[in-house]
Amino acid sequence: MSPHLQVWRWHVTMTASILFRFTIGAASVGAVFLVAWLAAVAFGPEAFDGAAAFAGSPLGLIVGFGLTVVLFSLLLNGGRHLINDTGNGLQIKPADLLSNIAVWGPVPLAVLFWVVLFSTGRVSL
């Protein structure tokens, strides 16, 4: 057995790092949706109506919510990396705080964002 396995334990900074890599891949999927939307705009009103119908469907709203979580995750993790790149937040307590914000922050921020969208009438079912 490797000697590090006796002292190794899961840590929130590891979770933040893994989620950051995952969200980069998910952002690539979001880029595909963006290119599809731009193509629908370019191909005319019928294609755009189909894209708008998908975006307004329950599945489209779920995809939109997921991509909003991805966006907030990228923003929070990017901010964490920016702070760390300046040499700050590298001690255990600040690193844990920044990682907890990056791990747990995207979902409540996305929920708040979508609540605002629904409450202002910009999105509806």
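What do the buried residues of helix 3 pack against? Point 3 takes this up.

1. **The model.** This is a predicted model, in which local features need pLDDT of at least 70, side-chain atom pairs count only at pLDDT 80 or more, and totals for chains, interfaces and linings use all residues. Residues are numbered from 1 along each chain as its sequence is written, and side-chain values use heavy atoms, with hydrogens and water left out.

2. **Helix 1.** Helices here are DSSP runs (H or I, at least four residues), numbered from the N terminus. The expected span is 1.5 Å times one less than the number of residues. Just after helix 1, Gly 44 has a positive phi of about 110°.

3. **Helix 3.** Helix 3 has 28 residues and reaches 40 Å from its first C-alpha to its last, close to the 40 Å expected. Its buried residues (under 20% relative accessible area, 1.4 Å probe, protein chains only) include Gly 60, Phe 72, Asn 77 and Arg 80. The buried residues of helix 3 pack against helix 1, helix 2, helix 4 and helix 5 (106-119). Gly 87 follows helix 3, with a positive phi near 90°.

4. **The buried side of helix 1.** Val 12, Thr 15, Phe 20 and Gly 30 are among the buried residues of helix 1. Their cover includes helix 2 (45-56), helix 3 (58-85) and helix 4 (92-104).

5. **Thr 15.** Thr 15 lies in helix 1. Leaving aside neighbours within four places in sequence, Thr 15 is in contact (heavy atoms within 4.5 Å) with Trp 10 and Val 103. The side chains of Thr 15 and Trp 10 are joined by a polar contact of 2.7 Å.

6. **The largest pocket.** The largest pocket holds about 470 Å³ of space. Its lining has 15 residues, and Phe 33, Leu 34, Trp 37, Ala 55 and Leu 67 lie nearest the centre. Helix 1 gives the largest share of this lining, six residues. Helix 1, helix 2 and helix 3 each supply at least two. By class, the lining has twelve nonpolar, three polar and no charged residues.

Notes: Buried means under 20% relative accessible area, exposed over 50%, partly exposed in between (1.4 Å probe, protein chains only). A polar contact is a pair of N or O atoms within 3.5 Å; within protein, one must be able to donate a hydrogen and the other to accept it, and residues adjacent in sequence count only if both atoms are side-chain atoms. On a 1 Å grid over the protein atoms alone, a cavity is a set of points where a 1.4 Å probe fits but cannot get out, and a pocket is an open set with protein on both sides within 12 Å along at least five of seven lines; lining residues have an atom within 4 Å of a point. Grid points are joined across faces, edges and corners, and a volume is the space filled by probe spheres set on the points. Ala, Val, Leu, Ile, Met, Phe, Trp, Tyr, Cys and Pro count as nonpolar, Asp, Glu, Lys and Arg as charged, and the others, Gly among them, as polar.
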